[in-house]
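Thanks, everyone. Let me put the model up, and then I'll walk through a helix, the cores, the ligand site and the charged pairs.

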Amino acid sequence: MRVQGVVRPPGDKSISHRVLMLAALARGKSELTGLLTGDDVKSSARVLRQLGADISPIRESGVGVRAARLSPPASRLHCGNSGTTARLLLGILAGQRFAATLTGDASLRRRPMRRVTEPLRTMGAKIAEHGDGLPLTIRGGQLRGLTYTSPVASAQVKSAILFAGLTGGVPVTIREPYRSRDHTERLFAYLGLGIHERDGAIVFEPAVGPSGLPAVHVAVPGDASSAAFLVAAAVLAEDGELLIENVGVNPTRTGFLVVLERMGAHVERVNLRDAGGEPVADLLVRPALLQGTEVSAAEIPTLVDEVPMLAVLASRASGSTVFREVGELRVKESNRLELVAANLRAVGIRAEARENDLHVEGTSQPARGRVETAADHRLAMAFAVLGTVPGADVRLSERRSVAISYPDFFRDLRRIRA
Ligand code: S3P
C-alpha cells in the first residue's frame, strides 16, 4: 500500500467544546471557525441552546454565538455520547442559580461523574445523583473558592473546576498527578481571564466578573487525535509520503509522536505557527519499520486517546510493547483497555490487559478477523487502519461511530491510499 497527497483532519474536539461553552458565557457576539462538526460537539451546542445561547448551525466555515444570560432549561440536557459535554457543563452549571438535569446515551450514563461532582459539591453546588453517573441533577448558586488535588490526571475534571471558578466568580487552585491537556488554561489565558501557574499548580483568580467575559474569536486547529489515525496509516504504508495540514501540536496532546519516534518513525513538523494560543503545524509522514517500546505512566495523559491506535501500531512492530497504568481506559466511551486487547486477539495478535497495564506482541502476520467496536469511534478507526495493511482482512462490527469525532474518516482514509 502506498500513501500520498495532502489531508486536513477535522477541528479539535476538545477545543471545539471549550470555545462553544466560553462563547455561550461571553458578552456579545462570538465568531468561531474550524469547529469539529462531529456529533459530540453538536451535543454541546444542543445543550447550550437549551440553556438559552443562540448558536448558529455547526459548520466548519464558521459558527456565530450570541450569548444570553443562561436560563433554566425546559427539559433534560441530553449530552449524547460526550463525556466532555457532561463534565464541563457541570462546572458551568455549578455557578448558575437554577436546577438542571443531565443525561446521556447508554455509554455516557455508565461513565463516572463523581470525580467532577465531588469537588463541585465542595465549592457549594447541590447535586442529587443515584450512583456514580448520569442522570443527575445539579443546582448551582453562590460558590466558594477551592484548592483541590485531583486523584486522576483528567482535563475534564480540571476544566469543570475552572469553569465553576469562572461562572461562580471565585478563585480555584488545582493540582493533578500528571499534567493533562491544557486547552482550558490556554483559552483562559488568551482571553485574559486571570490564570497562571504557581509551584506546579494551576491557579485561577478571576480577572473579570462572570458577566464580563469578552467575546471569543478563535480559529480551532485540526485535532491531533484524529490526525493520529492518518499518521498511523502513513507509517504502516509500504511507500509514499503524506502531508497532514493544520494539526494542533500542543505538547499535552502529542505524546503519540514522541512514542512513535522511539518506535522508529519520524514525523516531521513543518510550518509551525500559533492559533488562538495553541501551537499548530503540518505533519510530514513517511512509512517506517517499528520496534516495540515501553510507554510510561507519566506519558499516558499526553496520548490517552491514542492508546488504541498505538496498540494497533505496536501489533505491527518487532518485539513487544507495554503501556503502563492505563486503567483510565476502562472508563472511556467503552472499556478500551479490555476491548483493545480482546480485539487484537480476535484478529490474531497476542495482547493482554494485566492489572492496569496493556501488553501487545508484534507480528508480521496480516490481521484477520472481526472487531467489536462497541460503538466506540476510536476503536473503529484504529482497527480500520490495521485493515489497510496488505493481506489484512479486518471486519468492523459498525462504522457509524466515527461521526462522533471524525465524520469523513473513511473518505479520507480511502483518499490517502493510492
Ligand atoms: C478530554 C479529556 C480526556 C480525553 C477526552 C477529551 C477533554 O478525558 O480522553 O477524549 O476534552 O478534556 P479525561 O479528562 O477523562 O482524561
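Start with helix 8, residues 224–236. Helices here are DSSP runs of H or I with at least four residues, strands are E runs of at least two, and both are numbered from the N terminus. Helix 8 has 13 residues, and at 1.5 Å a residue it should span 18 Å. That expected span is 1.5 Å times one less than the number of residues. The end C-alpha atoms of helix 8 are 18 Å apart, which agrees.

Before going on, the ground rules. This is a predicted model, with local features needing pLDDT of at least 70 and side-chain atom pairs counting only at pLDDT 80 or more, while totals for chains, interfaces and linings use all residues. Residues are numbered from 1 along each chain as its sequence is written, and side-chain values use heavy atoms, with hydrogens and water left out.

Back to helix 8. How many of its residues are buried? The count is 13 of 13, so the helix is mostly covered; buried means under 20% relative accessible area, exposed means over 50%, and partly exposed is in between, with a 1.4 Å probe and protein chains only. At the N-terminal end, aspartate 223 is the cap. One of its side-chain oxygens lies 2.7 Å from the backbone nitrogen of serine 225. That is a polar contact: N or O atoms within 3.5 Å, where within protein one must be able to donate a hydrogen and the other to accept it, and sequence neighbours count only if both atoms are side-chain atoms.

Now the cores. A nonpolar core is a set of buried Ala, Val, Leu, Ile, Met, Phe, Trp, Tyr and Cys residues joined through side-chain atoms within 4.5 Å. The largest one has 75 residues, and Ile244, Leu260, Leu358 and Phe409 have the most contacts inside it. Which element gives the largest share of this core? Helix 8, with 11 residues. Isoleucine 244 touches residues including Ala227, Leu230 and Val231, leaving aside those up to four places away in sequence. Contact here means heavy atoms within 4.5 Å. A second, separate core has 70 residues, among them Leu90, Leu102, Val152 and Val157.

Next, the ligand. Among the residues surrounding it are Ser14, Arg18, Gln156, Arg181 and Lys332; each has a heavy atom within 4 Å of it. A polar side-chain atom of arginine 18 lies 2.6 Å from a ligand oxygen. For lysine 332, a side-chain N or O atom is 2.7 Å from an oxygen of the ligand. Glutamine 156 uses a backbone N or O atom, 2.9 Å from a ligand oxygen.

Last, charged pairs. A salt bridge is a side-chain nitrogen of Lys or Arg within 4 Å of a carboxyl oxygen of Asp or Glu. The count comes to 31. Lysine 158 pairs with glutamate 176, with the closest N and O atoms 2.9 Å apart. They sit 18 residues apart: lysine 158 in helix 6, glutamate 176 in the loop between strand 11 and helix 7. Buried or exposed, lysine 158? Buried, at 1%. Glutamate 176 is buried too, at 15%.

Arginine 179 meets glutamate 197 at 3.2 Å, N to O. Arginine 179 is partly exposed at 32%, and glutamate 197 is exposed at 52%. Lys158, Glu176, Arg179, Glu185 and Glu197 are linked in a network of salt bridges.
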